[in-house]
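Thanks for coming. I will go through one structure today and keep it brief.

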Amino acid sequence: MSSESKEQHDLSPRDSTEGDDSSPSGIHVEVQRESSTDFKQFETNDQCRPYHRILIECQEKSDTNFKEFVIKKLQKNCQCSPAKAKNMILGFLPVLQWLPKYDLKKNILGDVMSGLIVGILLVPQSIAYSLLAGQEPVYGLYTSFFASIIYFLLGTSRHISVGIFGVLCLMIGETVDRELQKAGYDNAHSAPSLGMVSNGSMLLNHTSGRICDKSCYAIMVGSTVTFMAGVYQVAMGLFQVGFVSVYLSDALLSGFVTGASFTILTSQAKYLLGLNLPRSNGVGSLITTWIHVFRNIHKTNICDLITSLLCLLVLLPTKELNEHFKSKLKAPIPIELVVVVAATLASHFGKLHENYNSSIAGHIPTGFMPPKVPEWNLIPSVAVDAIAISIIGFAITVSLSEMFAKKHGYTVRANQEMYAIGFCNIIPSFFHCFTTSAALAKTLVKESTGCQTQLSGVVTALVLLLVLLVIAPLFYSLQKSVLAVITIVNLRGALRKFRDLPKMWNISRMDTVIWFVTMLSSALLSTEIGLLVGVCFSMFCVILRTQKPKSSLLGLVEESEVFESVSAYKNLQTKPGIKIFRFVAPLYYINKECFKSALYKQTVNPILIKVAWKKAAKRKIKEEVVTLGGIQDEMSVQLSHDPLELHTIVIDCSAIQFLDTAGIHTLKEVRRDYEAIGIQVLLAQCNPSVRDSLTKGEYCKKEEENLLFYSVYEAMAFAEVSKNQKGICVPNGLSLSSD
């Protein structure tokens, strides 16, 4: 070895850092900042250095056939005992577990306060979002009431608020409008009249065989979609397929909600201006709606426009104050309820509907309507729509419940959450309700106002019950433009996601691209197509990441057995003749060529070397005329065994999660190519799955299994011994003689 290499070896990282003892282990690795750096090299000893081989005995697998496995599972799950029945009931009704242990003194004040405030907020939001779903206001109040009661009984999260969610209301409204058009209802009005229905909207419902006006048919469609969505969610809980939600990443969900928010805002624009326009559906509905708005903008109702502007001027600053001083305020200012009450009084005493033809909510009945089963004949028409609605609903509910459970130090059961949100849709669908899920804005309010348990949901339900039984008719004169403003103002959180994009871009550019693709497709195409595009694009990005993964050569951190990338860290040591290669991805059919090209590029290309050898041999034979056959044979032997500096390649398999048949074949091919030029290939740190695949794929013979190492350091030590002791049986028992 050269004197320069020895000097580099003598200079340890501790000397170069002036005695920095901040690391207890004495290991110091400096992140690489320059493109090229000289690396330290180990001195190689000429004598054999014995080392201890790691031996691990595999667990014996039981030979249980499929029939025995099924019988054992059935016996375990089908046997009944009093204890098991009790556990099943307590598991399905969590309220029976926590309610008897309820600490009245500690929790009652926070639960009552948060329940009251959320209930007050839900009253105007339920009325406003029912407009978005194409329903009468009373159905929004029904939906919030039943969801609060049922989640109290079945839910495991103490903090989330289950009720109306804007994105789901939008998806319900699109389905309702489509079915109304198919049924031949009057298209002159974009949504069912929230007051008395005109004779033009009164048709014979051929589906049910009875007279049903537009609003009646709208809630029939909405409740049927809700029933199907609930059935899907309960089925997903029964078959434990909650893993579906893992395909909906945070970036995808955020982009979807933001894109849908643009569609919601667009659908409410006509109410802000007091325009009577048909609701656009299908691909490109956002652009179509704005075209209709600008074509009819000369018909703007000045009274509705002024009301909208005044409400915006009041709601936006107050909402900002609530958010800015939320740590100092014991409860947020219920500005929405104040605006609704003030606008209703102004509309009633100013006779805005009679004098200025302002659109109003109309009569809201008190009490409850008789229960009615969903329309079974509509199920084939809405079953597909319910799939996307159910997935979005349970994904948002489960993610919010887990987020707040982690924040407050308790656990939730994802499967039970699916049951809870499923029955929050199935049972209310018989009582003229539409789809519900958890909502982030109301959940944050609930948490910040002192919520302790699910009991706050009962208090919220009591507030809504009071409105349904007594107060509801007082909202007769409430303008639709006020409800539209409330809906739009509540979109602030989703639209503010644009401010987080620079931070997201710095953390993960791929997630930012997924966010943009999902947002744009949800806004410009449709909500269902946007969700599908987002999921497909997200999965494509995962495949893309594994198709061209990162790979690097590794070096040893001095005074340790740790190996890191030489392109990322300084002061790493490499051994002459040994290259350690790491591939950070599964090795399968998509990236097998990437694996080979990266390995050949960073080490040596055995194919090019063999070609070069052949060309050199032919050229040498042409230049020198050899007369004696023995001399010619000697020359060919010398040419074919021209020694290389590199004698061993260690492949670090710690980041290879699995292999397929193409991956195994690639490893075999790589090993064969390198052995042809005198370089041995060793595999290190293979997980049990990869080892099992290599064994089944016959990567190596039975006597060669000791070429699979449990650590990179062990493989490197073996490579040193094999180099220095050619032709001698080394300590692990493998003969390395090369004739």
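**Strands, cores and annotated spans**

Let me start with the sheet. This is a predicted model, and in it strand E9 runs parallel to strand E10, residues 648–652, with five bridges between them. One of the bridge pairs joins Lys579 to Ile649 in E10. E9 also pairs with strand E6, residues 551–557, this time in the antiparallel sense and over three bridges. There, Ser551 has Phe583 of E9 as its bridge partner.

How enclosed is E9? The strand spans residues 578–583, and five of its six residues are buried, so the rest of the structure largely encloses it.

Next, the nonpolar cores. The largest one has 109 residues, and Tyr217, Leu248 and Leu531 have the most contacts inside it. Helix H15, residues 379–408, is the top contributor to this core, giving 13 residues. Apart from that core there is another, of 34 residues, including Phe581, Phe583, Leu599 and Ile664.

Back to Leu531. What does it touch, leaving aside neighbours within four places in sequence? Its contacts are Leu248, Leu252, Phe256, Ala388, Ile392 and Ser522.

Last, the annotation. An unreviewed UniProt entry marks several spans as "transmembrane region", among them 149–172, 241–265, 378–398 and 512–540. I looked at two of these. Residues 512–540 are 93% helix and 0% strand, with end C-alpha atoms 14 Å apart. For residues 149–172 the figures are 54% helix and 8% strand, and the C-alpha atoms at the ends are 22 Å apart.

That is what I have for today.

Note on methods:
Residues are numbered from 1 along each chain as its sequence is written. This is a predicted model: local features need pLDDT of at least 70, side-chain atom pairs count only at pLDDT 80 or more; totals for chains, interfaces and linings use all residues. Side-chain values use heavy atoms; hydrogens and water are left out. Buried means under 20% relative accessible area, exposed over 50%, partly exposed in between (1.4 Å probe, protein chains only). Helices (H or I, at least four residues) and strands (E, at least two) are DSSP runs, numbered from the N terminus. Two strands pair if DSSP finds at least two bridges between them. A nonpolar core is a set of buried Ala, Val, Leu, Ile, Met, Phe, Trp, Tyr and Cys residues joined through side-chain atoms within 4.5 Å. Contact means heavy atoms within 4.5 Å. UniProt positions are given in the numbering used here, feature names are shortened, and annotations may be inferred rather than shown by experiment.
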